[in-house]
Amino acid sequence: MNESRSESPAEETTSTPAPGSRRPGGRTARTRAAVRDAVLTGLAEHGYPALTVEYVAEHSGVHKTTLYRRWGGVEGMVADALALAGEDEWKAPDTGSLAGDLQTLAGEVAEAFADPARAAAPTAFVAAAFQSAQAADSLRAFYEERFRRCEPVVERAVARGEAPAGTDAGAVVRAVSAPLFLRLFVTREPVDTAVADQAARMVLAAVQAGAFTRDGQPGNAASAEREA
């Protein structure tokens with residue numbers, strides 16, 4: 001039986017901390033993990049519109065009253081599932097070159113969405129963000145944290161002289177995945193290794209040309225390449 005998201009007991013709710021913040025362990029952590037798994041399963045199998053508190057309660061073994069008290073409803077549970085995903089130990093690649101790092105980053109995106117079963121949950125999160133402001137805020141926070149972890153890729157490149165001084169690291173790492181996400185979520189085209197490599201090469205060329213410097217002017221790396 002489906003249950004309206006507007007129904008909730010008059011109980012205290014808790015806000016969802018940002019991805020990467022410390023979380024309590026023990027029983028609380030196990031409860032959160034069980035709820036997260038149920039949310040992911042529900043999103044993958046039925047999508048956000050059909051996800052209900054009753055479904056999560058049944059599949060997580062956590063009582064509805066607890067779900068309402070701690071998460072406030074479906075929106076809060078989806079947001080917390082994203083926050084929990086952001087607490088992993090993933091680190092950006094360090095291959096020794098900007099070209100290798102960008103290629104690896106793009107390749108990881110392509111690989112993550114190559115398997116329909118593996119891609120079901122993240123795809124559902126994106127869909128939920130178009131239907132829930134809270135899910136959208138959480139998805140934005142998740143990717144902001146992911147991109148922040150990627151910025152050392154560009155910072156190391158600047159230090160090695162592979163990228164101009166003043167290169168906007170955040171803009172570069174967003175640009176790598178942007179054409180892949182366009183194909184995945186807008187045009188619904190396939191993404192493979194060739195497409196990922198193309199995106200990486202495109203961004204590398206733009207970096208070397210100074211397109212990502214904050215003043216829009218070529219820097220030392222681009223000048224040195226022209227003089228070589």
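Predicted model: local features only at pLDDT ≥ 70, side-chain atom pairs only at ≥ 80, totals over all residues.
Start with helix 1 and helix 3. Helix 1 covers residues 26-46, and helix 3 covers residues 64-71. Their axes come within 12 Å and cross at roughly 100°. Angles of 65 to 115 degrees count as roughly perpendicular, so helix 1 is roughly perpendicular to helix 3. Who makes the contact? From helix 1, Thr28, Thr31, Arg32 and Val35. From helix 3, Leu67, Arg70 and Trp71. By type, that contact has 3 nonpolar, 2 polar and 2 charged residues.

Next, the cores. The largest nonpolar core holds 33 residues. Which residues have the most contacts inside it? Leu98, Leu102, Phe113, Val172, Leu180, Val203 and Val207. Helix 5 (98-114), helix 7 (133-160), helix 8 (169-185) and helix 9 (193-208) each give two or more residues to this core. A second core is separate and has 28 residues, including Val35, Ala57, Phe125 and Ala128. Val35 also sits in the contact of helix 1 with helix 3.

Back to Phe113. Set aside neighbours within four places in sequence. Phe113 then touches Ala119, Pro122, Thr123, Phe181, Leu184 and Phe185.

Last, helix 6, residues 116-129. Its 14 residues reach 20 Å from first C-alpha to last, close to the 20 Å expected at 1.5 Å a residue. Which of its residues are buried? Ala119, Ala121, Ala124, Phe125, Val126, Ala128 and Ala129. Of these, Ala119 is one of the contacts of Phe113, while Phe125 and Ala128 belong to the second core. The cover over the buried residues of helix 6 includes helix 1, helix 4 (74-85), helix 5, helix 7 and helix 8.

Definitions and conventions
Residues numbered from 1 in each chain as written. Heavy atoms only, no water. Axes fitted to C-alpha atoms, helices over the stretch in contact; angles between N-to-C directions. Helix = DSSP H or I, 4+ residues; strand = E, 2+ residues; numbered from the N terminus. Parallel < 35°, antiparallel > 145°, perpendicular 65-115°, else oblique. Contact = heavy atoms within 4.5 Å. Nonpolar A, V, L, I, M, F, W, Y, C, P; charged D, E, K, R; others polar. Core = buried A, V, L, I, M, F, W, Y, C linked by side-chain atoms within 4.5 Å. Buried < 20%, exposed > 50% of the residue type's maximum accessible area, 1.4 Å probe, protein only. Expected span 1.5 Å × (residues − 1).
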